Amino acid sequence: MNKKLLKKLAAESFIENSLDEKKIEAISNSLSRKELKIFINELKEQTKKSTVYVQTALPLKNSDEYLRELENLFPNKKIEFIVDPSLLLGVRIIDNDNIIEINMNNLLHKMKHHIVGAI
Amino acid sequence: MIDAQDIIKNLENKLNNFPEGSATDNIGTVQKNQDGVIACSGLSKAGMGEVVSFEKGGSGVVFNLDEDSVSIILLDENMNINEGDVVKRTEKTLSVTAHEQLLGRIVNPLGKPLDGKPGITKGTAMPLEKIAAGVVQREPVNKPLKTGIKSIDAMIPIGRGQRELIIGDRGLGKTAIAIDTIINQGKFQSNNKDNKQKLKPVICIYVAIGQKDSSIAQIVNKLQERGAMEYTIVVAAGASMPAALQYLAPYGGSAIAEYFMEKGADVLIVYDDLTKHAWAYRQISLVLRRPAGREAYPGDIFYLHSRLLERAVKLNEKNGGGSITALPIIETQAGDISAYIPTNVISITDGQIFLEANLFNIGIRPAINAGSSVSRVGSAAQTSAMKSVALKMRLDLAQYRELAAFAQFGSELDPATQKQLDRGQRLTEILKQPQYQPYSEAEELLAIWITTSGNLDDIPAGKVMRFEKEFLEYVRLNESKILNELSDGQKIDDKKAALLEKTVKNFKKGFSI
């Protein structure tokens, strides 16, 4: 089975942004070890593409409200909240290979790069 | 030493310019690292030739854009890249910081110093890849670039803005010609009073590609000894450097050359050598799984060199009047100039200096084959004095070569033929020149004139080099007026010829055979 076909299979293994376990079990049983490796990678890629990770420094109090807002911003995508204290303050939104950084950690990091050479 | 107040002031200034707002990054994840080429998923917005930075430190450049991934070649040595590492776009293309401070320095293709001295802090960022100046901005080659080598300046003259290939097997003196040319540019620096033709100073850039570090060090030492490093920049990508840097080296050199050219300066750039450059590009292309063509080179190998050499240019006065003269070097195998890379570069350049092993072995050095060497545009930049003596010399040499081939079959020759052969032998002798001893134009004119005028006909061929050396010494000490008069580049008229005849006669009185 070629990569293109495996990619298609991976794309068909989702129901409403969630993995369809039955389908995956059936497909994986019929694949060789090499094909399975590609299939798993494609599943990971698909999951990455269909999920938006919202990292916050502290747990959100009104997460339902934010969820609705974010669902409007990223239609047809699953929103997942993660708490990451290393951000110090603010939020990081990861949408596939795009990252939006509005947090203290990134600000300090950028500041450090900006002032290198001033001393 | 900077005091605390200055540091605080600098920090305040920097922080005042700090950009506000959110940051959006486009990232990728390393999938595999194969022979220095990184395959990365993500980076969907990355462009071809864009610089990317690794979160762990170090940078690379995007070389292939595939459906699901991008291929990145690494620009730093000893980078420890692992699967899963994050890569970020920088939205910048490759550039090198160029400034006058680079003169006398040895840098890598991206401008990082290799000589242990501090880095260049100020300057202009010059893109490594740039479209060459268009037709409207150019003008024909009209100023000579003196190599100081008699046979080249007379028979294969190079003009400022020309691309002249130096081609030959290994160990025949290709680099020596380029180095002598760089050393000779010392005569045209602004503080030299002997520069009678008012030629602009030439800034030299020596690009070493895939050479041993010891060879590069030797060349730098030689340039330093002769005081040539003052106006020279060495761009080095040695054999131990990654293929990516070897591939980028000539473009880095060219970018620095363009910085000076845009300021109206004349620049000489030596690419030593483009064979190894082609090897580096072939290596990268094969690792990137690009289709291999003839001799396993990729299909765009011609474009690789043509877009590089097209950047050698003579700009018109409206655009500053600067120029870049390129001396690419190609190493052949067993004198085979019909191989892939030599034929490509021969067709791109405006002429070639062909060095031959046979000539080298019989002691003719520089071992230039006058028959196969040619300069297509340089003669337009020759001075009338050089044109007049070179024309006669070229004719004499051509007749000599033809007669020498026939003379092998018979023992008895008529006096006219014998005379022609003798003249040819003396001309061949006079064109020999030791390494690192470039001549001024006046000295070149004198040496060629004494041969073509028949003044050496009574000197045995084996003594011609000694005669020339002692005669030039004599003129320098006793008749410096002649050198002064010849250096203006004007044609040798009857008056000058009479004076030269008289000087040769006087010298011969004291010369013992």
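User: Which residue of β14(B) stands opposite Gly168(B)?
Analyst: In this predicted model, Gly168(B) faces Glu331(B) of β14(B).

User: Why are strand β10 and strand β14 of chain B said to pair?
Analyst: Pairing requires at least two bridges between the strands. Strand β10 (residues 165–168) and strand β14 (residues 323–331) of chain B have 3 bridges, in the parallel sense, and therefore meet the requirement of at least two.

User: To what sheet do these strands belong, and in what order do its strands lie?
Analyst: β10 and β14 of chain B belong to an open sheet of 8 strands, ordered β8-β12-β11-β13-β14-β10-β15-β16, and its pairing is mixed.

User: What makes β8 and β16 of chain B edge strands?
Analyst: Each of the two, β8 (106–107) and β16 (374–375) of chain B, pairs on one side only.

User: Which helix lies across β8, β11 and β12 of chain B, and at what angle to β12(B) does it run?
Analyst: The helix is α4 (residues 213–225) of chain B, and its angle to β12(B) is about 175°.

User: Why is Phe354(B) called buried?
Analyst: The relative accessibility of Phe354(B) is 8%. The cut-off for a buried residue is under 20%, and therefore Phe354(B) counts as buried. Phe354(B) is placed in strand β15 (residues 351–354) of chain B.

User: What does Phe354(B) touch, not counting residues up to four places away in sequence?
Analyst: Phe354(B) touches Ile167(B), Gly335(B), Ile337(B), Ala367(B), Ile368(B), Asn369(B), Ser372(B) and Ser373(B). For Ser372(B), 18 residues away along the chain, the C-alpha separation from Phe354(B) is 6.2 Å.

User: Why is Gly116(B) called exposed?
Analyst: Exposed means over 50%, and the relative accessibility of Gly116(B) is 76%, so Gly116(B) counts as exposed. Gly116(B) is placed in the loop between β8 and β9 (124–127) of chain B. Its C-alpha atom is 9.0 Å from that of Ile106(B), 10 residues apart along the chain.

User: What makes helix α7 of chain B mostly covered?
Analyst: Of the 9 residues of α7 (residues 301–309) of chain B, 7 are buried. The buried residues are Ile301(B), Leu304(B), His305(B), Ser306(B), Arg307(B), Leu308(B) and Leu309(B). Their cover includes α5 (243–262), β13 (266–272), α6 (274–287), β14 and α8 (340–348) of chain B.

User: How is Arg289(B) classed by relative accessibility, and how is Glu295(B) classed?
Analyst: Arg289(B), at 67%, counts as exposed, because the cut-off for that class is over 50%. Glu295(B), at 40%, counts as partly exposed, because this class covers the range between 20% and 50%. Arg289(B) is found in the loop between α6 and α7 of chain B, and Glu295(B) is also found in the loop between α6 and α7 of chain B.

User: What is the phi of Arg289(B), and what is the phi of Glu295(B)?
Analyst: Arg289(B) has a positive phi of about 60°, and Glu295(B) has a positive phi near 55°. Most residues other than glycine have a negative phi.

User: Which strands of chain B does β1(B) join or pair with, and over how many bridges?
Analyst: β1(B) pairs with strand β6 (residues 86–93) of chain B over 3 bridges, where Gly28(B) has Val87(B) as its bridge partner. It is joined to strand β2 (residues 37–42) of chain B by 6 bridges, where Lys32(B) has Ala39(B) as its bridge partner. In the hairpin of β1(B) and β2(B), Asp35(B) takes a positive phi near 50°.

Key. Residues numbered from 1 in each chain as written. Chains lettered and ligands numbered in written order. Predicted model: local features only at pLDDT ≥ 70, side-chain atom pairs only at ≥ 80, totals over all residues. Heavy atoms only, no water. Helix = DSSP H or I, 4+ residues; strand = E, 2+ residues; numbered from the N terminus. Contact = heavy atoms within 4.5 Å. Axes fitted to C-alpha atoms, helices over the stretch in contact; angles between N-to-C directions. Buried < 20%, exposed > 50% of the residue type's maximum accessible area, 1.4 Å probe, protein only.
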